[in-house]
Amino acid sequence: MAEDSDLERTEDPSPRRLEEARSKGQVARSQELVTFSVVMAGVVALIATGADLLEALKKITRANLSFDRRTLGDMDQLLIHLSQACADALVALLPLLATTVVAAIASSIMLSGWLFTFDAVTPKFSKLNPMTGIGRMFSTRALVDMSKAILKSALIGGVAVATLWFEKEEVIQLVAMPPYESLAYLWELTKFTLLMVAGSMIVIVAIDVPFQLWDYKKNLRMTKEEVKQENKESDGDPQVKAKIRQLQMQAARQRMMSEVPKANVIVTNPTHYAVALQYDEKTMKAPRVVAKGSFLLAERIIELGRENKVPVLRTPPLARALYHHAELGEDIPTPLYTAVAEVLAYIYQLNHFQRFGGHEPSLAKQLPVPAELDPGGEA
């Protein structure tokens, strides 16, 4: 059962999966949104520029249906007239065409953003497989497309018929109206019907856009195994990462051990913990932890310290407090200043005694280590 669940596409597509699909031209598209935008923009542009367009077409018709005898018998002149008429008509229709083109581009960008790629138009022989084509004919998408086509036809046809039905009495009276009045009313009725039909298509868009977004992400869903593999590829193999961490720790440990000979003193537990301290009153504000470790690492710090003649003191409370609360390479915590100061003073006195003799110093048995900083104080 676990293996079956790993093979099921139940996980949402990752950002990387979505980006890869986008680079291949696979984005959510709604043809209904584009159709609605183009039709509505075209209708609005036609209504806004209808009078100017009609007047321009009238002028083009008058100018190009008037010929003299010489032009009528010259094929070259007729072709010039025809090309001029086409150019004038294109100029007249340019606002309408530009509006629909802008609407088509804007509606495409609205859903998935700007995308320019040749991958979507690259020939793929798998698309020529007849069995694959038959499968697409009976797929869920084909059923949805057929349902949309039926709904669209019924909706558009129903809205158009209903609009004309409510105006049936005025339409019947067109026969008795003067030509110019009937044409003006017929134009107003056409504009109103086109607006109603184009507006009704928003119902199809409201259904199609959410479905296309859902279907797009559904087709890009991933299995649990794919998610794990992608995380492994993006974050790196855990074994490789562990090896890198191990090497980093080894390098850090080597750097730390190289600082032990520079320490002024090493405080120990005696073998559970070891912390090496360094203090230079000219360059440091407070004593600094240059090395610390437990068990085997503590033994190595102590051994290295003795090899380099660094004093090693057995101060269990202070060693525990420094190990747990002092960061490597940082100054010691403020509450431990007094205890560390006594230790350093003892080391300075001991060095003086060893060089010049005199009264042998002694270290207090109970250093002022706050109980809350000593994890093993109660034990």
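1. In what order do the 4 strands of the open sheet stand, and with what pairing? The order is β3-β2-β1-β4, and the pairing is mixed. β3 (288-294) and β4 (312-314) stand at the edges with a single partner strand each, so one side of each has no neighbour in the sheet. From one strand to the next, the twist averages 20°. Two strands count as paired if DSSP finds at least two bridges between them.

2. Basis of the note. This is a predicted model, in which local features need pLDDT of at least 70 and side-chain atom pairs count only at pLDDT 80 or more, while totals for chains, interfaces and linings use all residues. Residues are numbered from 1 along each chain as its sequence is written, and side-chain values use heavy atoms, with hydrogens and water left out.

3. Overall make-up. The protein has 14 helices and 4 strands. Helices (H or I, at least four residues) and strands (E, at least two) are DSSP runs, numbered from the N terminus. Of the 379 residues, 29% are buried. Buried means under 20% relative accessible area, exposed means over 50%, and partly exposed lies in between (1.4 Å probe, protein chains only). Take the contacts between residues at least 6 apart in sequence: 73% of them join residues at least 24 apart. A contact is a pair of heavy atoms within 4.5 Å.

4. Strand pairing. A hairpin of 4 residues joins β1 to β2. These two strands pair in the antiparallel sense over 4 bridges. Ile 266 has Ala 276 of β2 as its bridge partner. Ala 276 also stands opposite Ala 291 in β3. β2 and β3 run antiparallel too, joined by 6 bridges. There, Val 275 stands opposite Lys 292. The parallel pair is β1 (residues 265-268) with β4, joined by 3 bridges. Thr 268 stands opposite Arg 314 in β4.

5. Burial in the sheet. In β2, 6 of 6 residues are buried. Tyr 273, Val 275 and Leu 277 point one way, and Ala 274, Ala 276 and Gln 278 point the other way. β3 is mostly covered as well, with 5 of its 7 residues buried.

6. Helices across the sheet. α12 (residues 296-307) lies across β1, β2 (273-278), β3 and β4, at about 130° to β3. α13 (residues 316-325) lies across β1, β2, β3 and β4 as well, at about 80° to β2. Axes are lines fitted to C-alpha atoms, for helices over the stretch in contact, and angles run from 0 to 180 degrees between N-to-C directions. In α13, the buried residues include Leu 318, Ala 319, Arg 320, Ala 321 and Leu 322. Their cover includes β1, β2, β3 and α14 (337-356).

7. Backbone points to check. Most residues other than glycine have a negative phi. Phe 295, in the loop between β3 and α12, has a positive phi near 55°. Lys 309 also has a positive phi, about 60°, and is not a glycine. Lys 309 sits in the loop between α12 and β4. It counts as exposed because its relative accessibility is 79%.

8. Glu 226. This residue lies in helix α10 (residues 224-235). Its relative accessibility is 26%, so Glu 226 counts as partly exposed. Beyond its neighbours within four places in sequence, Glu 226 is in contact with Arg 9, Arg 17 and Arg 221. Glu 226 and Glu 11 are 215 residues apart in sequence, yet 9.2 Å apart in space, C-alpha to C-alpha.

9. The cavity. The structure holds 1 cavity of 30 Å³ or more. The largest cavity has about 30 Å³ of space. On a 1 Å grid over the protein atoms alone, a cavity is a set of points where a 1.4 Å probe fits but cannot get out, and lining residues have an atom within 4 Å of a point. Grid points are joined across faces, edges and corners, and the volume is the space filled by probe spheres set on the points.

10. Its lining. Ala 45, Leu 46, Thr 49, Leu 53, Ala 92, Pro 95 and Leu 96 line the largest cavity. α3 (31-64) and α5 (75-112) each supply at least two of the lining residues. The largest share, 4 residues, comes from α3. The lining divides into 6 nonpolar residues, 1 polar and no charged. Here Ala, Val, Leu, Ile, Met, Phe, Trp, Tyr, Cys and Pro count as nonpolar, Asp, Glu, Lys and Arg as charged, and the others, Gly among them, as polar.

Conventions: On a 1 Å grid over the protein atoms alone, a cavity is a set of points where a 1.4 Å probe fits but cannot get out, and a pocket is an open set with protein on both sides within 12 Å along at least five of seven lines; lining residues have an atom within 4 Å of a point.
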